[in-house]
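Thanks for coming. Please have a look at the structure, and then I will go through a few parts of it.

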Amino acid sequence: MVLTALLLSGSPAHAWNLAGWAWDSNEFPVPWYLADYVTPELSAEYEEEVTRLGASIWAEQAPCAGTSDLYMGIREGHWASGPSSSDLVNTVYFDDPTARNDESALGVTYTSFGGAYFPIEEPDGDIAYIFEAYDSDIVFSDWAQWATTEDIAAGNCNNEYSIEGVATHEFGHFWGMAHSCEREDVESGRCTELAWYEATMFWTGAACDLTQANLAEDDIQGITALYGPYASFSTDSETSGGVPLEVCFDLETKTGDYEGLEVEWSFGDGATSTEFAPCHTYETQGQFTVYVTITGTDPSCGSYSFDQREPAFVTVCEPPHPGEGFSGTFTYEYVEGTTYQMINQADLSVYGCIDQVAWDVFKDGQKVQSISAWSPKIDFGEEGTYEVVLNLGGPGGISAESLTIDVGTDGVGGCSAVPGAAAGLFGLLAGLGAAVRRRHQP
Ligand SMILES: [Zn+2]
């Protein structure tokens with residue numbers, strides 16, 4: 001599932017919230033059934049009519065989101081068993097057959113979701129992680145008395161609730177919306193905008209009130225963020241390799257085509273492109289975040305703009321080499337006895353450019369030790385002349401450097417045996433980056 005956030009140009013402030021699930025739009029329409037029970041307040045025909053309206057009004061009034069549902073009919077003989085996520089059949093129930101709803105709720109939507117997720121930034125800056133829904137059941141409560149839209153409009157409503165408003169609200173949850181404001185937000189004064197109270201996804205509705213039967217701008221913004229135009233990209237090229245590295249990008253859009261679309265790529269190294277499927281050659285080492293912005297207009301969405309970025313999408317490496325200020329990939333210091341501390345000086349400025357480290361120790365042409373730590377202490381075990389080779393590997397290639405170490409020929413060994421001025425000189429050389437390729441003088 002590839003769904004991400006949308007920024008509509010000229011959007012007013014909005015407070016929609018997402019529930020954390022969404023249907024895979026590649027599998028639209030989403031099928032659902034109505035359980036075979038007719039609540040005394042409504043006719044069988046009106047139950048069907050009003051629930052179908054609640055599902056489809058999201059597509060009608062938020063066309064840019066492009067949701068799509070398919071009413072499958074009455075689920076015969078099923079009502080008493082109530083909602084179940086394990087049957088994988090989306091079902092709407094009247095009068096809460098298994099007494100599952102919270103007493104204060106007019107209706108509850110029970111949704112099961114999991115699998116892959118994608119992040120969406122909500123208006124308050126929070127990141128919502130959206131999982132794929134696989135079963136959603138709507139259960140209208142038993143205690144609630146329902147009024148038809150016609151009765152409410154005609155003034156024939158006595159403390160009953162609009163079934164159309166509640167059905168629209170519950171199908172908002174079904175599609176993946178959460179409340180514009182929760183009860184606690186209202187009580188604590190956090191629900192500050194009139195628009196949030198007017199939203200279909202406001203946490204509750206008033207008796208004999210039809211407000212929630214129609215989507216408010218806030219609801220439209222939210223559902224459009226969840227299902228509206230988006231772009232993502234992929235590549236069949238290697239995204240990690242040596243300089244120069246050519247990467248070819250494929251733009252993926254919701255509609256699967258580029259009709260009416262403009263695109264701008266930013267490859268992270270300063271280069272840009274307005275081609276739909278560009279190839280770009282990275283000439284310098286680095287880790288690059290790739291951005292794509294699509295802008296377009298279409299009859300359902302008007303003008304829109306959408307940004308997608310993939311942090312650290314491309315890693316381009318030179319072969320392993322000394323870090324800035326060093327002339328070799330390693331040096332070493334005497335520790336004690338026949339033990340020396342290896343000091344790795346390889347360039348780590350680009351994450352991922354070194355993924356293999358091996359130190360090989362040779363004596364008289366024979367390998368006597370091999371160590372894979374970054375900067376190991378090596379105990380040579382006995383005095384003698386050793387060659388130490390640091391092998392480094394990564395996407396940019398491999399390197400090998402060697403130093404010869406005369407271990408403790410005077411019974412002490414190492415730099416610490418060099419007194420006074422000579423030690424100072426060594427320190428100075430190291431500071432200048434000139435002390436790497438040398439033969440150690442005991
Ligand atoms: Zn709700």
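This is a predicted model: local features need pLDDT of at least 70, side-chain atom pairs count only at pLDDT 80 or more; totals for chains, interfaces and linings use all residues.

Residues are numbered from 1 along each chain as its sequence is written. Helices (H or I, at least four residues) and strands (E, at least two) are DSSP runs, numbered from the N terminus.

Back to helix 3: 13 of its 13 residues are buried, meaning that 20 or more other C-beta atoms lie within 10 Å of a residue's own, with C-beta atoms placed from the backbone. Its 13 residues should span 18 Å at 1.5 Å a residue, and the end C-alpha atoms are 18 Å apart, so the two agree. The expected span is 1.5 Å times one less than the number of residues.

Next, helix 1. Where is its kink centred? On Ala-55, with a kink of about 40°; the bend is the angle between axes fitted to the seven residues ending there and the seven starting there. Ala-55 is also among the buried residues of helix 1, which include Val-50 and Trp-58.

Four strands form an open sheet, antiparallel, in the order 23-22-25-26. Strand 23 (366-371) and strand 26 (397-407) are the edges, each pairing on one side only; two strands pair if DSSP finds at least two bridges between them. Strand 22 (residues 356-363) is joined to strand 23 by five bridges. Phe-362 has Lys-367 in strand 23 as its bridge partner.

Notes: A residue is buried if 20 or more other C-beta atoms lie within 10 Å of its own, exposed if 12 or fewer, and partly exposed in between; C-beta atoms are placed from the backbone.
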